[in-house]
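Thank you all for coming. Please take a moment with the sequence and the model on the screen, and then I will talk you through a few side-chain pairs and a sheet.

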Amino acid sequence: MKFKALKTTVATALLAFLVGCSTSPTGRNQFILVSGAEMAQLGASSFSELKSNEKISKDTKTIQYVQCVTDAILKVTPPQPDFEKWEVVVFDSPQVNAFALPGGKIGVYTGLLKVAQTQDQLASVIGHEIGHVMASHGSERVSSSMAANGALQITSIALGASGTANSDLIMQGLGLGVNVGVLLPFSRAHESESDLIGVQLMNEAGFDPNQSVQLWKNMAKASEGAPPEILSTHPSHDTRIDDLQDAINALPATNRKAPNCGRPNV
């Protein structure tokens, strides 16, 4: 009976893999089981909760500045199939952070503006976050978690059926192995892909893509003591800077000129 359940679970997982194949904007093969429309609804719900729980900035100059940079990037961003409008909110917080959720919800924390010291550097961050949405990284990460959990369940059934000793300890080890060996590197792949999309967007919008390198040098100074790359969901700063420089060197020339967004004093 257990063996029959194992075969059924394996067949289901294989079917899910065949159905879930997709391609990112950079041509990378993806595994996606959750629709963009479902993720857009989740993103909108999460964003509403954030707006209720976080302090929203009321500083007009800061809001206009962030909106101006974002609008310039959005002018060159392709239309997205699962939503029509992007929404930008500035959160009044010392966090050095920004994000973009499925459904086009963008959040920027005021603490970021102390590290992103020019509008070009802010454009690098905004382009990067928009890249996550364009590449459906939210759907992909949810799908990867679903697949990883399914694989562990399959192994658990197989260990139980064979009467393997210490199966609980083996499963704990497999859980750690999946996390470090699959899920974290996969997140780093997302970050690197979003960096590539981001510099393409900011370049097309007329911002200086070289400032993305300076941004991550600033980030490196602001985040001393970060975990080693193998245990991080982000590439190391050195890796990121090297990859960005290679991407910048391959960018085409553009005639577009970015607006002067008037950076506020922070």
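Glutamate 191 and arginine 240 are both buried, where buried means under 20% relative accessible area, exposed means over 50%, and partly exposed lies in between, computed with a 1.4 Å probe on protein chains only. This is a predicted model, in which local features need pLDDT of at least 70 and side-chain atom pairs count only at pLDDT 80 or more, while totals for chains, interfaces and linings use all residues. Residues are numbered from 1 along each chain as its sequence is written, and side-chain values use heavy atoms, with hydrogens and water left out.

The side chains of glutamate 191 and arginine 240 meet in a salt bridge at 3.0 Å, N to O, a term that stands for a side-chain nitrogen of Lys or Arg within 4 Å of a carboxyl oxygen of Asp or Glu. Because glutamate 191 lies in helix H6 (residues 167–204) and arginine 240 in helix H8 (residues 237–249), this pair ties together parts that are 49 residues apart in sequence; helices (H or I, at least four residues) and strands (E, at least two) are DSSP runs, numbered from the N terminus.

Aspartate 195 counts as buried at 8% relative accessibility, and arginine 240 is buried with a relative accessible area of 3%.

Let us turn to the sheet. It is an open sheet of 3 strands in the order E3-E5-E4, with mixed pairing, and two strands count as paired if DSSP finds at least two bridges between them. Strand E3 (87–91) and strand E4 (98–101) stand at the edges with a single partner strand each, so one side of each is left without a neighbour in the sheet. E4 pairs with strand E5 (residues 105–109) in the antiparallel sense over 4 bridges, and within that pairing alanine 98 has valine 108 in E5 as its bridge partner.

A salt bridge is also found here, between the side chains of lysine 105 and glutamate 87, at 3.1 Å, N to O. Lysine 105 lies in strand E5 and glutamate 87 in strand E3, so the pair ties together parts that are 18 residues apart in sequence. Lysine 105 is buried, with a relative accessible area of 16%, whereas glutamate 87 is partly exposed, at 23%.
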